[in-house]
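Good morning, and thank you for coming. Please look at the sequence and the model on the screen while I speak.

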2 protein chains.
Amino acid sequence: MKSQRIHNFNAGPAALPLEVLKEVQENFLNFSGSGMSITEISHRSKWFEEVIHDAVTRTRRLLNLDDRFHVLFIQGGASLQFCLIPMNFLKDNESADYINTGTWSAKAIKEAKILGKAVRVAASSEDENFSYIPDHISFDKNAVYCHITSNNTIKGTQWAQFPDTGTVPLIADMSSDIFSRRFDAAPFGLIYAGAQKNVGPAGVCMVIVRKDMLEKVPGNLPSMLKYSTYAESNSLYNTPPCFAIYVIQLVLKWLEETVGGLEKMETANREKAKLLYDVLDGGEFYRGTSKPGSRSLMNVTFRLPSEELEALFVKEALENDLGGLKGHRSVGGCRASIYNATSMDAVGGLVDFMRAFEKKHG
Amino acid sequence: MKSQRIHNFNAGPAALPLEVLKEVQENFLNFSGSGMSITEISHRSKWFEEVIHDAVTRTRRLLNLDDRFHVLFIQGGASLQFCLIPMNFLKDNESADYINTGTWSAKAIKEAKILGKAVRVAASSEDENFSYIPDHISFDKNAVYCHITSNNTIKGTQWAQFPDTGTVPLIADMSSDIFSRRFDAAPFGLIYAGAQKNVGPAGVCMVIVRKDMLEKVPGNLPSMLKYSTYAESNSLYNTPPCFAIYVIQLVLKWLEETVGGLEKMETANREKAKLLYDVLDGGEFYRGTSKPGSRSLMNVTFRLPSEELEALFVKEALENDLGGLKGHRSVGGCRASIYNATSMDAVGGLVDFMRAFEKKHG
């Protein structure tokens, strides 16, 4: 039982900025002078309209999106997007490229195949246990889109630069690194991100879709499975997940007004990651699992000399108020997820603990 | 700007019990000694496992569900269920019955038809503007299921007793009256309820499905669109809407431990509704829009002598801290939604205001 808050290295749901949590808490019984909780107001009220409008506006500003893009909020997580993308964009006589960089890419491929869609795996890093991001990829110029996973939470890899697919629109699962760094949105036909890592609580997926992509949406899809339904209604076709969108709005406000924008956030994220990778590279005790050129700035994955030491590491770290350091159940080992809301202070505390643990057990 | 909380008659998202909101607020920075917010803990942590287990257990107890039923939490609202139901249960050579009692029934029918499914509208109350619940219905004995909307928020009608469909499983959208009264779940193949009226915040739909129904689920559906995926993983196939499920758990705890169970809740709901319908029946100024035998215990819909008076009524009510009384934008008029969390005190305040308003303007 912790009486104080701990440093949170969870992979997702993950740390949120303390000032955001405090603002939610403070206003929880009476939102914006409505006399009601944010969980009790109508999604069609002026109060919620301001929330969703502000969240969209800040997203546009932070990611430099021009008016060719819609910003949508859809329920079901990134996992629902795995099927919505081929259902909306890929006709039976067409083909799409997918790059397989691990568990989440593989799930996106699997769901497209369940639908009987033509999927070409243009590249894969499965040969070396997904420890790197593929390079020198030969893309299909006739593909309807090319799907990538921008950051791989389980394997600790990340695209340092996005691939050049020419005129083929990129589609990216950015669940674990959206708003963590600057990038040019122009080549993307669609970007999606489950909120629960870098931008909010679980229960909503942000979808940024280029308007020309919507022309592909078939008419015989149910309303809730069509991107056009959300685009035409500003994500208010039915009741949206109001609370989750509200927290996203506050996180984006924090990102702009407290952090000072995406460039500053990226600088901080690079510094945090460097602190940890320097420990991994500084000796033999900790061993990073992803290749240096493909390393994730968000999820630092590593092994210790034995599984017993790994279990002890996770246990003793928690005793020192450093939580969530266990690797994903599918791969084992250790993982420090250092999303936007994980402070330099938290990372510094982890580095100190890692050095002390190595001294004791190395 | 209200400095105090108001009485909330919103149709949804709607009032939540104040003691639930206070508990969320109090524990928001450190949930259950985790040192993290409920929005920051892993959905696979022991803390969240306890939350979802308790929510399911209380649902089973409150609704008297035996182990033939799964209790699931699915994102996308009731609107997503409109397409999931025919996708999961209705094969191309089969037919289903639907009863059309207004907007939400009509949407359920529309989505099934988009999928090209064979839908038979077994009865409709469209002939009298959906002001009543159809009776003497001739059901198709070969239907795969019969779909009803148990309570109609917009038209203010409710099934007083569920129809006898013999061996054909009933499927009911109970978004606006689940947990408001006792009923026998045995004839139901599936029950669904968007949480944001009687049981929690927006962002999750409760689905109660009878296990034999899952045998109908086709193998070629994407994972996130199959009920079996949620049933096999205890709603944890991917990250669920943790916060919304947590609030549901607290509301169900309130329902069992503070209210004292469903029978007491039903008694209170009948008393609240009677207070309002007595005002409507006691004179000519207010006019109920639904027929007496079909009246909803949850949404009391009524008209005043003119639209100007209706607008004034809504405005002056809000000045008296009675909010959310405007009728649905598609029908106009006034509506008092009196879900579980709307107290007798709130209804009493509304009745007093209605009498005073009539005296002044009648």
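Predicted model: local features only at pLDDT ≥ 70, side-chain atom pairs only at ≥ 80, totals over all residues.

Residues are numbered from 1 along each chain as its sequence is written, chains are lettered from A and ligands numbered from 1 in the order in which they are written, and side-chain values use heavy atoms, with hydrogens and water left out.

Let us begin with the interface. Contact here means heavy atoms within 4.5 Å. In these terms, 66 residues of chain B touch 66 residues of chain A. The size of an interface is often given as the accessible area lost when the parts come together. For chain B and chain A, the buried area is about 5,100 Å², with 58% of it on carbon and sulfur atoms; buried area is the accessible area (1.4 Å probe) that two parts lose on being put together, summed over both. On the side of chain B, the residues that lose the most area to chain A are B:Gln25, B:Leu29 and B:Glu40, together 13% of what that side buries.

Which residue of chain A forms a salt bridge with B:Glu40? The partner is A:Arg5, and the closest N and O atoms are 2.9 Å apart. A salt bridge is a side-chain nitrogen of Lys or Arg within 4 Å of a carboxyl oxygen of Asp or Glu. Across this interface the rule finds two salt bridges, and over all chains the count comes to 42.

We now turn to pairs within one chain. A:Asp97 forms a salt bridge with A:Arg120, with the closest N and O atoms 2.8 Å apart. This pair links distant parts of the chain, since A:Asp97 is in strand β3 (residues 95-100) and A:Arg120 in strand β4 (residues 118-124), 23 residues apart. Strands (E, at least two residues) and helices (H or I, at least four) are DSSP runs, numbered from the N terminus. A:Asp97 counts as buried at 1% relative accessibility, whereas A:Arg120, at 30%, counts as partly exposed. Buried means under 20% relative accessible area, exposed over 50%, and partly exposed in between (1.4 Å probe, protein chains only).

In chain B, B:Asp97 forms a salt bridge with B:Arg120, the closest N and O atoms being 2.8 Å apart. Finally, A:Asp54, A:Arg58, A:Arg61, A:Glu256 and A:Glu257 are joined in a network of salt bridges.
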